[in-house]
Each structure stands twice: as C-alpha cells, then as structure tokens.
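Hi,

Here is the structure I promised to pass on. My notes on it follow below.

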Amino acid sequence: MSAILTETPVTAPPDEPVLRIVPARRTGQWTAAAAVLVLVALGLFSVATNRAFQWDVVGAYFTSTSVLRGLGLTLWLTALVMLLGFALGTLLAVMRLSANPVLRAVSWGYVWFFRSTPILVQLLFWFNIGMLYPTILGIHTVNLLGPVSVAVIGLTLHEAAYAAEVVRGGILSVDRGEIEAAQSLGLGRGRRLVRIVLPQAMRSIVPPAGNMLIGTLKGTSIVSVIAVQDLLYSVQLVYHATYQVVPLLLVATLWYVLVTSVLSVGQHYVERYYARGTAGAR
C-alpha cells in the first residue's frame, strides 16, 4: 500500500501592522515658551516706547568724546590689570605648588587675604596710603600714587589672588604622566612648566580666565569712587550737569553689553583653539 504524499500549501503569516511613532506632546513646554516670548515682547515694547528712557539722548551721547574717552580708559585698565594679574597669579600658583613650605605658606596667605577683602576696601586703602606712609624712598606718596595708579595696583592685587587659583587648577589638571615623561627627557623645571605643563593647562585655564576678563571689565566701574574717569565716571560727569540720569546710564550699559559680547565671542574661539583634538572641541 503506497502512501500518497500531498503537499500542504504554506500560507504566509498575516502582515504585522506597522507601528507609527508618535512624538510626545509637550503642551506644557510650548505654552510656557509662548508665555515667555509674550512677556519678552511686552518688555521690549515697553522699553522702546517709554519716553522716560530718552533714546534720543542716548543716541546723542553714545559716541560723544567724553564717553569714548572713558571707554578707552576702561579697556586699557582692563587689559593692563588682566596682564599684570595673571603674571603675578602664575607666580603665586607656582609658589603654591612648590615643595618649599615657606613659598607655599606665603602664596596661600596672599590668596586668603586678598580674596577675603572687598575690592572697594582695597581701593580705598591704597587711595589713603599716604596717611600711613607719607613718603617712600624720599618721594611723597601723594604725588607718587594718583587715582589711576591706585586703581591699577588695587585691581591687580585683587585679580592676582583669583588668577592664582585658576592657574593652579589648570596645572593640576595636567596628567602626571606628561610631567614624568618630560622629566625622563631631562627637561628642567622651568622648561617643563613653559613647554609641557602650561600649554596643556590652558584648556582648563581659558574658560575661567575669560569669565574673569569679563568680570574685570565690569568691575573696573568701581574705580569711579576714587575719581578715575572710566566709562561710568564719564557718564556720571555728564548727568551731574544735565540731570539726564537714566539715558546716560543706558549709554554706559549699552557699551558694557557691546564690549562683553565681543569678548564672549573671542573667548569661544580661544577655547575652541585650545580644545582642539579633544572631545570638547567644536
């Protein structure tokens, strides 16, 4: 008896329904965003249409000679203070990392003192230094230290305390193996610092240094209390004569915003330069 083999037709499985991905509805976020945009638009409209701001006066004084002269002094003071502050701060950072306990103690004491004292107090102290030391090396301190010199000294000493910690943190961020490799090549301590450590430390130093630069630019406005004719003092001289306080303060504000915006863009490109070759470069 022969078995009859019959082929059973194979039926294809039914097509599975295609799942459609539906994005999550973020109704609350979009509502909040719309509310924020409305508030921002109302604020800008109020500022633009409020006659008390006197935008015509702002435009008249924005590029006036006295304001530009004050802006120039502010920029010069910022650049000089940052240069001297980081030079002294680098020295203090190296002292803090030294094996010599005396150098470490002196550096720590300096940073502790100047970070603990308000900058305004420091400026007023240096401005009245003649009460403590009427003469230094036979020179009258009243003639030696004018308002601008006092501003440079006070701001530099204050800035150096913060710069020292920024540089020290950058040096500590360098991998120890890099330093050991430089030692194995016979490089001296100074060459190791300049050629190996500091270039790599710049990745960690630049971001806080950029913030310090912007902070110093705005912080120079405090020198107006000792009659240094910076940007803020220059507009103060004008509105003391014209009584147009708000528009003149707007002139100073707009210049600060403009300069800090330019510095922020520059900081971005400097950070990208030193971060090249790393995951953070973009």
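**Core and aromatic pairs**

Leucine 231 is in contact (heavy atoms within 4.5 Å) with Val67, Gly70, Leu71, Thr74, Ala252, Trp255 and Tyr256, leaving aside its neighbours within four places in sequence. A word on the source: this is a predicted model, where local features need pLDDT of at least 70, side-chain atom pairs count only at pLDDT 80 or more, and totals for chains, interfaces and linings use all residues. Residues are numbered from 1 along each chain as its sequence is written, and side-chain values use heavy atoms, with hydrogens and water left out.

Leu231 also belongs to the largest nonpolar core, which has 17 residues. Such a core is a set of buried Ala, Val, Leu, Ile, Met, Phe, Trp, Tyr and Cys residues joined through side-chain atoms within 4.5 Å; buried means under 20% relative accessible area, exposed over 50%, and partly exposed in between (1.4 Å probe, protein chains only). Helix 11 (245-274) gives the largest share of this core, 7 residues. Helices here are DSSP runs of H or I, at least four residues, numbered from the N terminus.

There are 6 aromatic pairs (Phe, Tyr or Trp rings, the six-membered one for Trp, with centres within 6.5 Å; stacked under 30 degrees between planes, edge-to-face over 60, tilted for the rest). One of them is stacked: phenylalanine 62 and tryptophan 255, at 4.5 Å centre to centre and 5 degrees between the planes. These two residues are 193 residues apart. Tryptophan 255 is buried at 12% relative accessibility, whereas phenylalanine 62 is partly exposed at 22%.

Best wishes
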